[in-house]
Amino acid sequence: MRAFVNRNARSVEEAVALAREATLAGRSVAFAAGGSDLLQLMKDHIPSRAEAGEPDVLVNLKGIAGLDRIESAGDGTLRIGGLVTLSALVGNALVRERFTALAEAAETVATPQIRNVGTVAGNVAQRPWCWYFRNGFPCFKAGGDRCFSAGGENQLHAIFGGGPSYIVHPSDLAPALVALGARFRVAGPERERVVSGGDFFVLPRQDALRENVLADADVLIGVDVPAPAAGTRSAYHKVMDREAWTHALASAAVVMVMDGDVCRSASIVLGGVAPIPWRVPEAEALLAGERVTAELAREVGTAAVAGARPLAKNAYKVPLTRRVVERTVLALAARA
Amino acid sequence: MSPRQSPPQIAPLNTVGHNVPRIDALERVTGRATYTRDVRLPGMLYARVLTSPHPHARILSIDVSQARALPGVRAIITHETHEVVYGSGSIAGGVQYSDAAKDITLHRRYMFDNPVRNVGEPVAAVAAVDRHVAEEAIRLITVEYEELPFVLDVEEALAPGAPQIWPEGNLALNGRNEARPSGGRQGDPEAGFAAAARVFEGRYTTAFAQDAQLEPRSALAHWEGDKLILHTPTQGISNCRHDNAKDLGLEDHQVQVICHYMGGGFGDKNGSYYFDLIAATLSKEAGAPVLVELSRKEDWLGTHGRWSTVQDLRVGVAADGTVTAIELRALSGMGPYLRRSGGLSGIDAYACPNVDRTIYPVHTNRAVAGNFRAPSEPQGYFPIQSMMDDIAYAVGQDPVDFALRNMRRPTEQVRFTNYSMEECIRTGAELFDWGSRWRSTPAADAGPVKRGAGFSFMMFRSGVGPSSAILRVDGEGLYTLYVGVTDIGPGAKTTMALIAAEELGVPLGRVEVVWGDSDRCPYSVGESGSRTTIMTGYAVVEAARDLKRQIAERGMPAGDGVLIASATPNPSTEGKQRLCFGAHFVEMEVDVELGHVRITKYVAVHESGRILNPLPARDQIRGAVLQGIGMALHEDLLYDARNGQPLTAGYYGARHITHLDAPQIEVAFIETDDGYGPFGAKTVGEAGIILSPSAVANAIYNATGLRMHDLPITRSRLLEALA
């Protein structure tokens with residue numbers, strides 16, 4: 001591991017200032033929350049930020065008070081601090097009851113040990129798990145100029161939104177948050193800003209080096225999830241290559257507002273298949289105002305993958321994703 | 001299928017045969033057990049190894065000046081500074097522990113090779129005052145490489161014009177330096193095929209699977225004058241001592257190998273390894289103890305795993321379903337150095353007299369292949385048992401009936417010390433309720449979740465052989481047993497104490513075991529080949545008998561007196577084959593829409609002679625079955641064909657199964673005593689992994705109607721086959 005300086009921040013402002021100070025001094029910075037993935041990246045000499053390379057300075061966020069809370073605002077908005085652990089999210093009764101997809105997504109992440117230290121912000125902003133990136137290849141995500149998966153081993157890579165990089169976004173929380181309409185609270189050298197799910201994540205064709213809008217001294221300090229409308233139910237279905245401790249081959253976060261057996265509106269966001277949480281509006285539209293039957297669910301699944309463009313070795317993800325969507329929609333409609 | 005007969009009863013014993021926790025369980029679970037990386041010596045240094053980033057490259061120059069200038073660096077070694085033969089590593093012709101083969105081999109391996117022939121091979125090593133300095137120094141070494149053409153695929157490696165990894169070509173040399181395949185002919189294969197009503201053909205492939213033991217390798221070396229003291233996790237202190245002594249130009253007595261506790265081996269820690277030599281060399285250079293530690297990734301790429309295979313099978317069958325001929329043409333991927341034969345087992349489980357086997361051990365620029373729990377078996381059984389399963393359906397027979405018709409049985413020419421393959425199959429079929437779980441028509445279920453069942457059966461070596469033990473009793477009636485065993489997991493230390501207590505007729509608590517130190521313990525065969533219980537255990541029996549004779553003649557020692565007995569038996573089975581037997585039955589659900597496989601029932605029946613300690617014996621079978629399931633469904637080491645880089649080293653990349661993936665495994669032992677080994681004990685540790693890949697693949701076929709020819713049967717492969 002390369003030598004680094006640790007700076008403990010006691011407030012968000014101080015964290016931003018420390019990061020900015022280091023950046024201006026020409027030193028690369030990484031924010032540390034749970035640190036479970038950051039430590040591994042550092043041990044493997046993998047850049048925690050493509051442009052910045054390996055960190056010279058770690059700004060430790062764990063000492064910042066108040067960022068580890070899950071609160072319900074007056075209007076029913078769920079305010080989740082960036083330092084909330086995945087275990088805390090899994091164990092929160094309100095989240096489980098009203099924002100079910102989020103609890104279910106958190107539950108599928110890694111292992112209990114990692115969920116005990118891993119944070120919401122860290123999970124949402126984690127670097128890709130593409131085997132080229134993680135093995136030290138000089139790809140876009142490491143600050144290089146190409147994607148090795150394109151003509152190589154792309155079994156686990158994107159079937160939507162790829163090019164020039166074909167990574168898949170590794171977060172399980174992200175699809176659930178986007179499906180639930182979450183807004184991302186970002187603190188930076190400018191004033192704090194709130195970014196919608198659609199704007200927070202960045203496609204490679206917009207910027208191949210990064211996965212989200214966070215700039216060098218930006219901290220994801222929390223996520224706000226609006227109060228669900230009456231009749232809302234949600235679910236997250238993740239398919240993995242083993243029963244635990246790996247990322248999604250394909251996943252679906254589905255939110256449906258039900259009125260009896262009629263779906264008023266739906267949002268469907270896919271994980272593990274695109275460089276960002278991948279929303280499928282055509283599939284969502286099929287559900288609006290309809291009774292959810294097995295046949296409709298099948299059509300929704302088919303619509304969800306209509307735009308898929310698989311690579312040489314990941315065509316299996318297309319039928320897999322179709323079935324995941326179909327089953328999740330059907331199961332959710334049947335859920336009391 | 002007729003009902004099974006009840007197994008022969010064996011007489012129960014006092015200490016042996018009962019569930020006994022490990023005698024060192026408390027040390028292990030309280031963290032008091034000392035593993036190699038826990039040993040601290042005054043003034044010790046820490047070493048890191050620089051490895052090759054290229055699959056095949058000539059080293060033109062190595063510049064260590066910047067590294068040497070780093071404060072805290074004590075020694076740097078490379079192929080330029082030290083030419084040390086890594087003799088046991090070459091294991092000429094795949095023959096382990098053969099000095100003669102090592103002396104003549106043309107494919108000599110060194111501590112540092114030039115050219116380097118796979119990614120992860122050692123290039124240089126640094127000893128420094130702490131780990132950070134050592135790691136920093138490694139990154140300051142500049143190596144100029146001339147990249148050479150490389151080859152990853154076994155078939156391409158044998159094709160004309162392939163990059164040559166050795167001047168003699170890419171077909172591995174045997175123990176006589178001959179580039180020849182192994183195998184051979186039995187009976188009259190041509191006549192067998194001519195007599196066949198139908199001939200079946202198929203191609204099967206199996207993947208590299210790393211041994212993946214929890215403890216990555218390490219070695220701590222220090223010198224007392226001309227004597228090397230080496231703490232290293234090894235599956236055999238005696239062989240490790242001899243190998244290291246030979247490579248370093250020392251006499252055996254000049255090397256002391258110590259391994260008390262280790263975090264698993266599965267074959268990855270047979271004998272010595274190059275980092276033992278690196279630790280010894282750095283320690284000599286620096287004049288201080290040196291600890292070499294490999295990271296998980298370095299261990300994954302720098303040690304070895306099970307050899308991958310490409311296998312073409314042809315089987316002839318008569319109209320009544322009798323197998324008349326078997327032909328196997330196989331390529332085994334050995335990486336650039338031959339650590340083991342590359343052989344394949346499985347066909348011997350059939351009685352068919354006409355067999356033609358040709359197995360090519362092939363060099364590639366992938367990771368080295370070597371021993372992994374039953375080295376030749378699971379990847380050998382998977383093809384033949386898959387094909388026989390196919391044939392059973394094709395000739396309209398229940399696969400169990402087909403097996404009972406065609407499996408090997410004792411003959412006048414080939415005699416066994418005992419035989420229980422049929423017993424294993426019949427017992428398993430009954431325990432599993434094969435008749436109701438197996439579907440006579442594959443893919444019989446209508447919905448997306450389809451159930452099916454599969455089975456496989458085997459026989460495996462349980463040979464006897466030489467080993468030694470020393471036993472002492474003192475005036476207080478305490479017994480001390482000296483055995484050169486280590487404990488890679490099955491509990492050898494406990495087993496040796498149990499055997500001694502049983503034979504002596506004393507409580508287990510009266511026996512203390514001295515183990516894991518080549519200076520204090522006599523020769524033992526090593527914890528490979530499932531031999532320790534049988535061979536060293538039998539030496540313990542003989543030593544105990546000797547001690548009992550002495551006590552009978554001279555009485556128990558009094559005061560400061562002691563009696564000492566020893567034994568170095570070299571028993572034989574008088575020309576009979578000594579084998580263990582087994583049959584595994586699997587039921588599973590396959591969700592054909594999601595490609596999800598869930599094992600719903602697993603029954604493993606084994607005849608491994610008398611079971612000396614049922615507790616660890618059952619766990620050995622279960623652990624081995626799980627490894628086999630991982631091999632069947634998950635593990636691989638993918639390379640990028642364009643640049644020869646490995647992509648899936650480590651537990652994450654290779655998708656090793658987790659506890660949540662592990663099904664319940666029912667283990668049943670058929671106990672026998674054939675009169676050999678300690679109280680009739682046979683092989684346990686390796687036996688359990690042999691059948692799970694083939695049984696799982698056969699169950700997938702029964703559930704889905706898909707014959708999966710390639711391991712691992714990943715979700716993506718299943719979904720592609722279903723598409």
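Predicted model: local features only at pLDDT ≥ 70, side-chain atom pairs only at ≥ 80, totals over all residues.
A residue is called buried here if 20 or more other C-beta atoms lie within 10 Å of its own, exposed if 12 or fewer do, and partly exposed in between, with the C-beta atoms placed from the backbone. With that in hand, let me start with A212(B), which is buried because 20 other C-beta atoms lie within 10 Å. A212(B) has a positive phi of about 60° although it is not a glycine, and its place is the loop between β8 (209-210) and β9 (218-224) of chain B. Helices and strands throughout this talk are DSSP runs numbered from the N terminus, a helix being H or I over at least four residues and a strand being E over at least two.

Residues are numbered from 1 along each chain as its sequence is written, and chains are lettered from A and ligands numbered from 1 in the order in which they are written.

Staying with backbone geometry in chain B, E574(B) is another residue other than glycine with a positive phi, in this case near 50°. E574(B) sits in the loop between β21 (562-567) and β22 (579-591) of chain B, and it counts as exposed because it has 8 C-beta neighbours inside 10 Å.

There are also cis peptide bonds to look at. One joins N114(B) and P115(B), with omega about 5°, and P115(B) belongs to the loop between α4 (99-104) and β4 (122-128) of chain B. Another runs from L711(B) to P712(B), with omega near -5°, and P712(B) lies in the loop between α18 and α19 of chain B.

That brings me to helix α18 of chain B, residues 692-704. How does the span of its 13 residues agree with what 1.5 Å a residue would give? The expected span, which is 1.5 Å times one less than the number of residues, is 18 Å, and the end C-alpha atoms of α18(B) are 18 Å apart, so the two agree. Because 13 of the 13 residues of α18(B) are buried, this helix is largely enclosed by the rest of the structure. Just after α18(B), G705(B) takes a positive phi of about 80°.

For the chain as a whole, chain B has 19 helices and 26 strands, and buried residues make up 59% of its 723 residues. Along the principal axes, the C-alpha atoms of chain B fill a box of roughly 75 × 75 × 45 Å.

Contacts come next, and two residues are in contact if their C-beta atoms, placed from the backbone, lie within 7 Å. Of the contacts in chain B with a separation of 6 or more, 82% are between residues 24 or more positions apart. Where the chains meet, the contact takes 23 residues from chain B and 18 residues from chain A. On the side of chain B that touches chain A, helix α19 (residues 715-722) gives the most, with four residues.

Turning to chain A, the assignment, whose bounds come from an automatic or database source, gives domain 1 (5-63) and domain 2 (232-334). The centres of these two domains of chain A, taken over C-alpha atoms, are 36 Å apart.

Strand β9 of chain A, residues 232-239, is largely enclosed by the rest of the structure, because six of its eight residues are buried. Strands count as paired if DSSP finds at least two bridges between them, and β9(A) pairs with strand β10 (residues 250-259) of chain A in the antiparallel sense over eight bridges. In β10(A), S251(A) is the bridge partner of K238(A).

V124(A) is buried, with 26 other C-beta atoms within 10 Å. Leaving out residues up to four places away in sequence, V124(A) touches S171(A), L173(A), A174(A) and L220(A). V124(A) and D172(A) are 48 residues apart in sequence and 7.9 Å apart in space, C-alpha to C-alpha.
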